Structure formats: structure tokens, C-alpha cells
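Good morning, and thank you for joining.

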Amino acid sequence: MSHSVDVTNANFEQEVLKSEKPVLLKFWAPWCGPCKMMAPVVDEVASEQADDLKVVSVNVDDAPEIASEHGVRGVPTVMLFKSGAKVASLVGAQSKSQLTQFIEQNG
């Protein structure tokens, strides 16, 4: 079961910018192999940190405006938002420990 919310142009502001919790935003695409490898890692982290972190994902094919607005050049890319502002980003597939460390260092 996925613990992540799919975000589009319609709900980006509400789900990400107005979130009371820090938000881990994952940019992905259905044709992206590394994205598929990283999906279970993101789901696991989302489930473990559900009380403190909101996890959302953006399919760059469905919402290219959001990806371009945030300077996404490749997928997978993860970004951390806090109080509506981007505080950090990582490009490329990450292991669970790398992703957890990224959240701890920037959250």
C-alpha cells in the first residue's frame, strides 16, 4: 500500500506548500527504471515517518509545469519542503539509508 499522495497542478499548493508537516516530494515517471527501484524505498520511509512527514509524488509526464518550476532535470528527484519552501533536493535513486539521512539532515 502506498503512503504517498499523488500531486498535480490542482492540488500542489494544498498538499505541499500549505502542509503543516515537512513534505518529501518525489518526482518520477512511469518509464524511469530507477524510479521504479526507488518506489518501495520511498513507501517504506513514508510509512515509518507518517507521523512527522508527508510524502507526495509528482508524475513529471502528468505535471511537467511543477517539475519545470522546481528545476527538475532528471528523475527520480526528491525534494524536502518545510513551511512551503524547498529546503533541499537530491537527484537519482537513493537507498533507504541515504533517503533517511537526507530527511534527518534537512528536516
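**The hairpin and its neighbours**

I begin with a hairpin formed by β4 and β5, with two residues between them; in its turn, Ser 83 has a positive phi of about 50 degrees. The model is predicted: local features need pLDDT of at least 70 and side-chain atom pairs count only at pLDDT 80 or more, whereas totals for chains, interfaces and linings use all residues. Residues are numbered from 1 along each chain as its sequence is written, and side-chain values use heavy atoms, with hydrogens and water left out.

Helices (H or I, at least four residues) and strands (E, at least two) are DSSP runs, numbered from the N terminus. Strands pair if DSSP finds at least two bridges between them.

β4, residues 77-82, and β5, residues 85-91, run antiparallel and are joined by six bridges. Lys 82 stands opposite Ala 85 in β5.

On β4 there is also a pairing with β2, residues 23-28, antiparallel and with five bridges. Val 23 has Phe 81 of β4 as its bridge partner, and Lys 26 has Val 78.

β2 in turn pairs with β3, residues 54-59, in the parallel sense over six bridges; there, Leu 24 stands opposite Val 55.

How well covered is β4? Five of its six residues are buried, that is, under 20% relative accessible area with a 1.4 Å probe, protein chains only. For β2, five of the six residues are buried, so this strand is largely enclosed by the rest of the structure.

How values were computed
Buried < 20%, exposed > 50% of the residue type's maximum accessible area, 1.4 Å probe, protein only.
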